[in-house]
Amino acid sequence: MVVFVYAVFIFLILRFSVTLFNFLSNPKLGYYGKHFTDRVSVIVLSPNRQTDIKKIVTSIEEQEYRDVEVVVQRNETVTELMERATGKYFLFITAGMTLHHGLLNNLIYRVKVFELSVLSLTPTYTAHGFLANCIYPLNDFLLLNLFPLRLIRLSNIPAFAGAGSNDCLFCDATHFKMLGWNESLSKKMPSAAEVVRIAKQLKFKTEVLLANKFIRYNVDQIDINSFSSRLLLNFSNSGIAALFYVIFVVIGPLMILLNYDPALLLLPLGLIFMERLMIAFLTKQNALLQVFLHPLQMLALFILTLRAVGSEFFKSIKLKK
């Protein structure tokens, strides 16, 4: 038991260190004031024909960038969408996002300066409703205490490939087509983690940044199944890694609370408090609300992780049969 307590403390300190690194390095897309003329194909991924895309199309049309081509998915596969697109750069974005002034120029500047092939942006979200506030912040929580984002561009460590957001992916069109996608690429876009992993295998430069309000996402309803699967992507779809994380982050502090002197909790509570504040400031969220909802968010993390791991386990059994 003592060894487990030490392990919980060490893991907490490591997580805090990663969050502190992200907070100090400020991994956000900046405003650079540069202007470009390369054609950008904005590919709106909307496999569900009932999805309302008016808001995102309007925000694209209001961009100050001139040479923009909009390709909206209806029944096509991703391969077919790529064949229709004629831009030098692809911006894959899911319906429901809103683009803001300066996004495309700043993306191109970042890609050109650092010679990037793939740039993944995590949108700034606005959650509406109690359930959304208890669940959706988990995405940013995992991203910012698992991955030192500024190091992803400089490193080929396989574990870093778990970072990234499926909601916004900006790519050099030529390089993206070289990632080995075949003609059977379905309506569903490969996860950002998968794109980053393959790009790194081919020695292409990749980067993962926070959108810094250049892309916003209003969360009204959450698809529990898809969100739990998305959480598992942070662990490269490894159920064992996800379970270990939950044990050390959720179960560990609870066992310390129930079995040891409450004074022993001063250090972990202080680190968790500072960690949540830093993540909230980085992602433009209400810091006090995130601290207040932290216990409920950890409960949600526990349930969603078990759900995702169980789902993957039963899928593997069916495939073996």
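Helices here are DSSP runs of H or I with at least four residues, numbered from the N terminus. The model is predicted.

**View 1. A nonpolar surface patch that includes Val-2.** Val-2 belongs to helix α1, which spans residues 2–25.

**View 2. Helix α1 packs with helix α6.** Helix α6 runs over residues 137–146. Angles of 65 to 115 degrees count as roughly perpendicular, so α1 is roughly perpendicular to α6. From α1 come Arg-15, Val-18, Thr-19 and Asn-22. They meet Phe-141, Leu-144, Asn-145 and Leu-146 of α6. By class, this α1 contact with α6 has 4 nonpolar, 3 polar and 1 charged residues.

**View 3. Helix α6 packs with helix α10.** Helix α10 takes in residues 224–233. Here the angle is about 5°, and the axes are 10 Å apart. Angles under 35 degrees count as roughly parallel, so α6 is roughly parallel to α10. On the α6 side, the contact is made by Leu-138, Asn-139 and Leu-142. On the α10 side, Phe-227, Arg-230 and Leu-231 take part. By class, the contact of α6 with α10 has 4 nonpolar, 1 polar and 1 charged residues.

Definitions and conventions:
Residues numbered from 1 in each chain as written. Predicted model: local features only at pLDDT ≥ 70, side-chain atom pairs only at ≥ 80, totals over all residues. Heavy atoms only, no water. Patch = residues over 30% accessible without salt bridge, like charges linked within 9 Å, V, L, I, M, F, W, Y side chains within 5 Å. Areas by Shrake-Rupley, 256 points an atom, 1.4 Å probe, with all protein chains shown as cover. Salt bridge = Lys/Arg side-chain N within 4 Å of Asp/Glu carboxyl O. Helix = DSSP H or I, 4+ residues; strand = E, 2+ residues; numbered from the N terminus. Axes fitted to C-alpha atoms, helices over the stretch in contact; angles between N-to-C directions. Parallel < 35°, antiparallel > 145°, perpendicular 65-115°, else oblique. Contact = heavy atoms within 4.5 Å. Nonpolar A, V, L, I, M, F, W, Y, C, P; charged D, E, K, R; others polar.
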